[in-house]
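Subject: Structure for you to look over

Dear colleague,

Here is the structure I said I would pass on, with the sequence beside it.

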Amino acid sequence: MRKVYLVGAGPGDPDLITVKGLKAIQEADIILYDRLVNKELLKNARPDAKIVYCGKTPEHHTLSQEMINKLIVKYANQGKVVTRLKGGDPFIFGRGAEEAEVLSENNIPFEIVPGITAGSAVPSYAGIPLTHRDYSSSVAFITGVKKQGEDVDEYWEYLAKGADTICIYMGVKQLPNICEKLIQFGKDPDTPIAAIHCGTTENQYTITGTLLTITEKSSLITNPAIIVVGEVVRLRDKIQWFEWVVNKKNSTKQVSLV
Ligand code: SAH
């Protein structure tokens, strides 16, 4: 049966996929998956399923988006069930909509299975709520990588004066520039900021500072990372839990080795 599932695999922890997403993996004849998808999830595929890596890194694209689109269409037109597995949510900085447009243009039946996006899950695992009755009643999800010509002053002014919490995807390289622009357009330089690397996995770590000080620590922040700007970051001191769980697990491992 010709069908494509565009599935959000969640942010890293393989248990954070939806039941519907898991079913789409189990049903697939062919799975095309991205770099930030946890490979553990592929163990749920049928033994005879064909598995294709489409990963991209910020520097190197293994397959161009056009190639990926063509592959999906090709496999679907062979009458296969294709599961296109993407990190987080397919419709949040995931180019899922572009793939859905191509499917629609080719009259291929498809379903979209939302996933838990990194912008929400990763701060949660770092003990940072994006909203809080006392500190934040609005959130902006933004990308640090924009198309040329979009990085205009009005944009930064709007952000600096807009949402209480700013949650940044793909912002590692641009971090110094982002902090500078937010301060320039009126955000308090003492606003707390956190960068969380590999959130929801056992490699998760978090670097905190303020808009003014975080740049000194930028060499410690590597991809993939979610960056959160706003007063809500302060709550981490009180409600962080996951890194503590991971450390405890690791220290237990060490103890048992002795
Ligand atoms: N569609 C995805 C986002 C893809 S863009 C989603 O909804 O989550 C890729 C960016 O997402 C990375 O550069 C990083 O900023 C963020 N990201 C994805 N997984 C992450 C993780 N486990 N920890 C930290 N950041 C992550």
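**Helix α1 and Leu-22**

Leu-22 is partly exposed, with a relative accessible area of 27%, and this residue belongs to helix α1, which covers residues 19-27. Please keep in mind throughout that the model is a predicted one. Once the neighbours within four places in sequence are set aside, Leu-22 is in contact with Ile-17 and Asn-44.

**Helices α2 and α3**

The next pair to look at is helix α2, residues 65-77, and helix α3, residues 96-105, whose axes come within 10 Å and cross at roughly 45°. That angle makes α2 oblique to α3, and the crossing of α2 and α3 is right-handed. On the side of α2 the contact is made by Gln-65, Ile-68, Asn-69, Ile-72 and Val-73, and on the side of α3 by Glu-98, Glu-99, Val-102 and Leu-103.

**Helix α4**

Helix α4, residues 118-125, is largely enclosed by the rest of the structure, because six of its eight residues are buried. The buried residues of α4 are Ala-118, Gly-119, Ala-121, Val-122, Pro-123 and Tyr-125. After α4 comes Gly-127, which has a positive phi, near 75°.

**The cysteines**

How many disulfides does a search of the whole structure find? The search finds zero. For Cys-179, the closest cysteine sulfur is that of Cys-167, and since the two sulfurs are 14 Å apart, they are too far from each other for a bond. For Cys-198, the closest cysteine sulfur is again in Cys-167, at 16 Å, which is likewise too far for a bond. The cut-off that matters in this reasoning is 2.5 Å between the sulfur atoms.

Cys-179 lies in helix α6, and with a relative accessible area of 2% this cysteine is buried. Leaving out its neighbours within four places in sequence, Cys-179 is in contact with Ile-193, Leu-211, Ile-214 and Thr-215. Leu-71, by contrast, is 108 residues from Cys-179 along the chain, and the C-alpha atoms of these two residues are separated by 40 Å.

**Backbone details in the loops**

Cys-198 has a positive phi of about 50°, although this residue is not a glycine, and its place is in the loop between β8, residues 192-197, and β9. Met-170 is also not a glycine, and it has a positive phi of about 55°. Met-170 sits in the loop between β7, residues 165-169, and α6, residues 175-184, where its relative accessibility of 41% counts as partly exposed.

Which peptide bond is cis, with omega near -10°? It is the one from Asn-223 to Pro-224, and Pro-224 is found in the loop between β9, residues 205-210, and β10, residues 225-229.

With best wishes

Methods
Residues are numbered from 1 along each chain as its sequence is written. This is a predicted model: local features need pLDDT of at least 70, side-chain atom pairs count only at pLDDT 80 or more; totals for chains, interfaces and linings use all residues. Side-chain values use heavy atoms; hydrogens and water are left out. Buried means under 20% relative accessible area, exposed over 50%, partly exposed in between (1.4 Å probe, protein chains only). Axes are lines fitted to C-alpha atoms, for helices over the stretch in contact, and angles run from 0 to 180 degrees between N-to-C directions. Helices (H or I, at least four residues) and strands (E, at least two) are DSSP runs, numbered from the N terminus. Angles under 35 degrees count as roughly parallel, over 145 as roughly antiparallel, 65 to 115 as roughly perpendicular and the rest as oblique. A crossing is left-handed if the near helix is turned anticlockwise from the far one by less than a right angle, and right-handed if clockwise. Contact means heavy atoms within 4.5 Å.
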